[in-house]
Amino acid sequence: QSYDPQDLTAFQTQHNLLVKPVDYLIGPNDPQSCTKIENCSEGSLDIQYLMAIAQNATTVYWSIDSNSQDPFLDWIVAVSSTNRPPLVHSISYGALESSVPLDQMQRFNLEACKLALRGVTIVVSSGDDGAGNYNAREDLKQCGFNPSFPASSPYVLSVGATQGPESGYKKEVACGAETGGQISTGGGFSWSFKTPQWQYQAVQDYLFGSKNITIPSISEFASTGRGYPDVAALGHGYSVIIGGKSISLSGTSASTPVIAGMLTLINSERMNVGKSPLGFVNPLMYYLARIRPDVFNDVTEGNNKCMTSTPDKPICCPTGFDAAKGWDPLTGLGSINFDKLRDVLLHI
């Protein structure tokens with residue numbers, strides 16, 4: 001997708017933000033196409049909120065040609081080939097894990113590992129169509145447990161979505177279409193990649209230690225697979241300017257650039273005092289959940305049985321996952337308390 005620099009300027013002006021253009025553009029971009037919202041919704045949402053959170057950070061808009069057979073692999077190979085790649089990347093796209101050849105996913109993981117050694121953090125949205133994924137939105141016969149890639153990669157930080165406080169409610173719950181969230185936070189377990197050691201105990205606690213929820217039969221999903229998402233942020237009711245018009249959008253496409261912006265700010269402060277960039281943060285996040293659980297706002301209500309739809313006519317599958325205390329495949333470890341996370345990571 002594309003974004004319009006004029007929309008970015010209008011957004012920054014409307015919200016009294018630092019008015020600053022994107023520093024570097026890599027790949028195709030067609031601002032004129034933004035007269036149609038569907039051509040620029042993801043790109044505009046990403047760039048407007050990433051730059052709203054991480055103001056004054058050097059920002060790159062990196063896109064891949066629409067004719068690419070594997071845009072995720074093409075993108076990460078291009079980033080890996082860069083002498084000084086950006087230190088935090090936000091990705092709001094995903095494919096059905098089952099549709100991506102295993103060798104291509106493994107190559108993506110290898111490049112992600114290499115980038116992590118260079119201090120790079122990759123943040124990926126968990127999807128907006130619950131556990132069933134977007135194929136079930138049009139055909140309920142496709143319901144089931146269909147993980148999204150690259151969100152299911154063990155080498156990215158996967159981000160889910162919550163709702164509640166933005167609408168005046170004190171309770172923060174998993175974002176769901178049936179509760180007015182427009183989308184249902186994606187999440188589940190990878191069929192291709194085993195549960196990493198750094199999240200093993202958290203996943204086991206969910207599968208075998210959760211109370212007052214119903215866990216689907218472990219024969220139905222990849223119970224020994226990599227669980228995602230890892231963390232979450234509010235994902236409902238974001239004001240975005242596209243084609244000169246202000247509209248409201250929701251999704252993990254909103255929560256993901258917010259988390260990426262947070263990590264960018266923390267990276268900047270760490271590097272200002274001579275510390276290294278965060279790089280591969282996943283093991284650290286799960287460690288903090290054990291020793292400093294106050295870094296996360298545990299989200300214990302909601303489910304991800306539904307797909308993107310309206311609350312009056314929700315499109316839902318019979319199966320999905322429930323939120324629970326601790327990690328769950330809806331909002332991960334929970335939403336991030338930025339001030340506390342920042343304080344901890346500046347002293348590590």
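In this predicted model, Ile-266 is buried, its relative accessible area being 0%. That value counts as buried because the cut-off is under 20%. The residue belongs to helix H7. Leaving aside residues up to four places away in sequence, Ile-266 is in contact with Leu-278, Phe-338, Leu-341, Arg-342, Leu-345 and Leu-346. Pro-85 lies 181 residues from Ile-266 along the chain, and 17 Å separates the C-alpha atoms of the two.

**Pockets**

Helix H7, which spans 252–272, also supplies at least two residues of the lining of the largest pocket. The other elements that each supply at least two are strand E1 (24–26), helix H2 (37–53), strand E2 (60–62), helix H3 (71–80) and strand E3 (88–91). H2 has the largest share of this lining, with six residues. Nearest the centre of the largest pocket are Val-60, Tyr-61, Trp-62, His-89 and Ser-90.

The second largest pocket has a volume of about 560 Å³. Closest to its centre are Ala-202, Asp-205, Lys-325, Gly-326 and Trp-327. Helix H6 (197–209) and helix H8 (282–291) are the elements that give two or more residues to the lining of the second largest pocket. H6 gives the most, nine residues.

| Pocket | Volume | Lining residues | Classes in the lining |
|---|---|---|---|
| Largest pocket | about 1,500 Å³ | 46 residues | 23 nonpolar, 18 polar, five charged residues |
| Second largest pocket | about 560 Å³ | 26 residues | 15 nonpolar, six polar, five charged residues |

**A strand pair**

Strand E12 (residues 238–242) and strand E13 (residues 245–249) run antiparallel and are joined by five bridges. Within this pair, Ser-239 is opposite Ser-248 of E13. E12 and E13 form a hairpin with two residues between the strands, and Gly-243 in this hairpin has a positive phi near 60°. In a regular strand, side chains alternate between the two faces of the sheet.

**Summary**

Ile-266 is a buried residue of helix H7, and H7 is one of the elements that line the largest pocket. The second largest pocket takes most from H6. The hairpin of E12 and E13 has Gly-243 at a positive phi.

How values were computed:
Residues are numbered from 1 along each chain as its sequence is written. This is a predicted model: local features need pLDDT of at least 70, side-chain atom pairs count only at pLDDT 80 or more; totals for chains, interfaces and linings use all residues. Side-chain values use heavy atoms; hydrogens and water are left out. On a 1 Å grid over the protein atoms alone, a cavity is a set of points where a 1.4 Å probe fits but cannot get out, and a pocket is an open set with protein on both sides within 12 Å along at least five of seven lines; lining residues have an atom within 4 Å of a point. Grid points are joined across faces, edges and corners, and a volume is the space filled by probe spheres set on the points. Helices (H or I, at least four residues) and strands (E, at least two) are DSSP runs, numbered from the N terminus. Ala, Val, Leu, Ile, Met, Phe, Trp, Tyr, Cys and Pro count as nonpolar, Asp, Glu, Lys and Arg as charged, and the others, Gly among them, as polar. Buried means under 20% relative accessible area, exposed over 50%, partly exposed in between (1.4 Å probe, protein chains only). Contact means heavy atoms within 4.5 Å. Two strands pair if DSSP finds at least two bridges between them.
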